Amino acid sequence: MKSLLIASVALTALTEGAIAADAGVSPGIAPAPAAVAYDWSGPYLGIQGGGTYVRSRIFDQYGGDYQKFGGPVLGIFGGYNWRASNLVYGLDGSIGYRFGENTIHIEGGPGEMETKLGWEGSLRGRIGADMGAFLPYVAAGVTATQLRTYWPLGHVARGATLVGWTAAIGADVKVTNQVFLRAEYAYSNYSSKKLEYCGPICSMSYRPQTHDFLMGVGYKF
């Protein structure tokens, strides 16, 4: 009986050694865990927030000035990715709200003017480098924003929707295969808009540019 037990143990050890050798693993050593294969392709949706810096050219028939102010921005983003070799490309869109506003005094003109940018949105093409859990990218496309103004002296409010172009650089970083973090800088340049407050002799033209610094979290479906 003792001889039979020893023979059984020896046979088991030899069998495990043969299986490990076939698998390319040394006996008694656990195989290394397989690397996680991250997949960036498919639809995604997320939320983002940060700060915006606005530099706007404001002028009338008497002259003008640059208006500079900042404030928080909050919004959502989403899109769809395709993958080709080590490149990830697709469409990316966002909708947000800029909360900053400012009052400027135009010398020789209407005096004080209050302005702010409200709702904004963009639709961009995007291309990035697939580096596993890290996806640096660049993006460019069209953008629009809501311009709101108020002339306290005449108690007149005017607004308009401005359209322009935008470009961005950023990176997405996987936390899991579905959840990722995003960091982005985006520059937007909008068209000029002339608003009348008391006829042609009392008008102002606006041309804003924005710099948005954003952080976000997204989910890939």
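Analyst: Ile47, Ile76, Ile95, Trp119, Met131, Phe134, Val173, Val175, Leu181 and Val217 make a nonpolar surface patch of about 940 Å². Patch residues have over 30% relative accessible area and no salt bridge, and nonpolar side chains (Val, Leu, Ile, Met, Phe, Trp, Tyr) are joined within 5 Å. A salt bridge puts a side-chain nitrogen of Lys or Arg within 4 Å of a carboxyl oxygen of Asp or Glu. Areas follow the Shrake-Rupley method with a 1.4 Å probe; for residues, only the protein chains shown count as cover.

The model is predicted: local features need pLDDT of at least 70, side-chain atom pairs count only at pLDDT 80 or more, and totals for chains, interfaces and linings use all residues. Residues are numbered from 1 along each chain as its sequence is written, and side-chain values use heavy atoms, leaving out hydrogens and water.

Take Phe134. Its place is in strand S6, residues 134-151. Strands (E, at least two residues) and helices (H or I, at least four) are DSSP runs, numbered from the N terminus. Phe134 is partly exposed, at 34% relative accessible area. Buried means under 20%, exposed over 50%, and partly exposed in between.

Now the wider setting. The protein has 1 helix and 10 strands. From the N terminus, the order is α-β-β-β-β-β-β-β-β-β-β. Of its 221 residues, 39% are buried. The protein exposes about 12100 Å², and carbon and sulfur atoms supply 66% of that.

Key:
Patch = residues over 30% accessible without salt bridge, like charges linked within 9 Å, V, L, I, M, F, W, Y side chains within 5 Å. Buried < 20%, exposed > 50% of the residue type's maximum accessible area, 1.4 Å probe, protein only.
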